[in-house]
Amino acid sequence: MKRAKKIAAKKKPAKKPAKAKSASKTAKSAVKKPAIAKNGGKAGADGVVNWNFKVLSHHMLDGFGGMGEGMSIQIAPDGRRILWLAHESAPKNFTAVDVSDPRKPKVVCQTNLPQSHMRSNSLETCGNLMAVAYQTQKKGLQPAGMELFDISNPEKPKSISFFDCSGPHSRGVHQLWFCDGEYVHMASSSADFVPTHPQDDQFYRCIDVRNPSKPREVGRWHMPGTKQGDNVPPPPRHPLDKGYRAHNCNVYPQRPDRCYLAYIDGGMHVLDISDKANPKRISSWTNSPPYTGFMHTVVPLFDRGLMLVTDESTENNAKDWPKLVWILDARDESNLVPISTCPLPDHKAYAARGRFGAHNIHENVPLPTCWQSDQIVLGTFFNGGLRAYDISNPYQPQQIGVFVPPAPAGAPTGTIQLNDVFVDEREIVYTVDRHIGGLYCLEMDF
Amino acid sequence: MTDSTILDLFPSASAGRFGRRQKRERGARLPVTIVTGFLGAGKTTLVQRFLKSSEGRGTALIVNEFGSEGIDDALLRESTDEVTLLGNGCLCCNTRSDLQLALRKLVADRDHGKIPHFGRVLIETSGLADISPILQTFSTDRALGDEFAVEVVVAVVDAVSGLKNLEKAPEARKQAILADRIVVSKTDIADTKARKKLLAMLEDLNPRAVIDVAVKGDIDPKSLTDTGQADAIERHSGFVAEASHSDGIVSFVMRDRAPLIWPVFQRSMETLIALRGPDLLRIKGLLNLAGSKGPVVFQAVQHLIHPPVELTEWPDQDHSSRVVFITRGISERQVDDLFKACRALGYSAEE
């Protein structure tokens, strides 16, 4: 473990008050009128659609609108509603946006990463504490790990500690889950983990942060066969070979003894974490083969005995089509049964540019600032936009809303690439572009 | 056979008997406006103005000619539906064949990116069209009811010859009776006396409808997107005598303050439909059902019952069930007696 000083991000507005003023000016001018209104729902070359969403605002995030998959809402001590966003890649670390008025979002803080060979990608807040994941481009680089911040003053996040996860075989932390103020559950590697295949470096780790200045690991689990010395053979490689490694590791208060773990090419697993030091696998499910791997998120719908499982599309031009949101009958957690998928439009209309297919969904994060629904699934599908599904009949999910904005100016793929979505308890929908387009604030109109 | 539902398999505190509770009646379905009116009433002028307005942006216009008379059957089968792109994100499709097929093709073409995305469907019927079959097409999920919801039925009546048409043509009367809104056109060239007489007759035929008066074709575009039915029950309050020239068509409001038991209401409606289906022209209202948190929108057209929709909230303080019946020759008393009988039997069965 290292102290966080080296990592502590530079805070733009903290430098000079004068600069902060000009930054807020930029922020104001960056708030665009909803682009959709001009198009009136007419399909453009890239299939622009707005069906049953109302666009409240679009913010390019001051020219750094390439966003990852960390979105979390904090109610600041002064009452402001702050949306914390992780960036998809360097140079920016995270951005805080005041979304108290979602029609007029304001950037209040935007920080830089200390190194260009790293990315933050994922973050979560709980009260005035924020956890940020750091992953390096290559194994063995630093800093790789997890940083905790005191965000009681959103303009000036203060680093509390840095939990080092670097190592000769490690890229650090890709994704984390933190909503109880006590434990960070994360997809991470470590200095002492030697994978059987270089792609399989990240696994599930549970970090006790009850003393935020001294985070400590209390448990871990890896898929058998992925660590050297395991007594089972390594798993077979999938054609796209994205690795047998952990992605989302969701834990909910309804079942604090369960971790719902997506494992990329290794499918998904339900872990019994009642003894955090010794997680045990209860069940697993995978769609690959014949599908092409990259399982991303598992969201249980406890009352309903259902489970949402997403793939991530990682290839351009829909080469890995179909990448889907799956619905599982999870009434018996030891026997998960896929019963349907959320229908996607014909991929050919979207295949020309960029990625097309499932990625993140709204995850019912168990916090008062997060909307909870077991009737509607909201997911981002890259150039397929944001899509909402009514799953009141889980055997027949129905699409009830679509938001495919026009390609943001300078979009490298020439299309929107919506990457993540979060809905707050006011039912305001926030969705972000992966490359350049920043933040869109929407209302659900269905 | 089991009485189990999806809710029994996968229970949810946030769902009702009829699935997800919805913020509005049409839920996420595509809104449909039906514009009807006698030949030369001014439907096209009204529609063209709407398509150019901001409310009309992104509308798919379907000019429905299948109800026209005098077109050879062979010609009907051979003709094809073609889509024309209009300004303001609108598109137009002339359909002489099956409305359902035309709409399905429009949605499929939209989803395949062949035609622009549209957010509303506007059906302009032929002058002589009976809208009952159109309403039926939208009334069940076996047809179009899953994806489309009829939001407003507008009847255009012109102030110059409207009165004469209403007196002579039963088709024109039925259009006025079934409408949610009536637009009186050409008022600028009609004399005041005739206009007043026409308005009185329309109010007589359809006391529920909002009547808009268009001067030189100008009308609030919202007339084509909003039923204006929020206070329709109040307009329809009390006993309404059978209107002259109404061809035996009557309308009345069934009200009940006590929560209704769904199986009892359902059986009552099924009995009514079994006995008099063809005479149930349009039934629509809100139900206060025992066990449901919000009001349930109930709709039926002839022998078809639309899948009910539970709303998240009541529109006002009045939480009593109220259902408008438009029937041919079925009186309020008869319906009331049937419901009373079923209710009595339903309760005894529960005991």
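This is a predicted model: local features need pLDDT of at least 70, side-chain atom pairs count only at pLDDT 80 or more; totals for chains, interfaces and linings use all residues.
Residues are numbered from 1 along each chain as its sequence is written, while chains are lettered from A and ligands numbered from 1 in the order in which they are written.

**Stop 1: chain A.** Select chain A and colour it by secondary structure: there are 3 helices and 30 strands. Helices (H or I, at least four residues) and strands (E, at least two) are DSSP runs, numbered from the N terminus. Of the 446 residues of chain A, 56% count as buried, meaning that 20 or more other C-beta atoms, placed from the backbone, lie within 10 Å of a residue's own.

**Stop 2: where A meets B.** Now show both chains. Here 25 residues of chain A are in contact with 22 residues of chain B; contact means C-beta atoms, placed from the backbone, within 7 Å. On the chain A side, select β3 (49-51) and β27 (398-404), the elements that give two or more residues. That side divides into 9 nonpolar, 10 polar and 6 charged residues. Ala, Val, Leu, Ile, Met, Phe, Trp, Tyr, Cys and Pro count as nonpolar, Asp, Glu, Lys and Arg as charged, and the others, Gly among them, as polar.

**Stop 3: inside chain B.** Select domain 1 (30-230) and domain 2 (248-350) of chain B, with bounds from an automatic or database domain assignment. Between them, 11 residues of domain 1 are in contact with 13 residues of domain 2. Finish on α5 (132-137) and α7 (170-178) of chain B, the elements that give two or more residues to the domain 1 side. The largest share of that side, 3 residues, comes from α5(B).

Notes: Two residues are in contact if their C-beta atoms, placed from the backbone, lie within 7 Å. A residue is buried if 20 or more other C-beta atoms lie within 10 Å of its own, exposed if 12 or fewer, and partly exposed in between; C-beta atoms are placed from the backbone.
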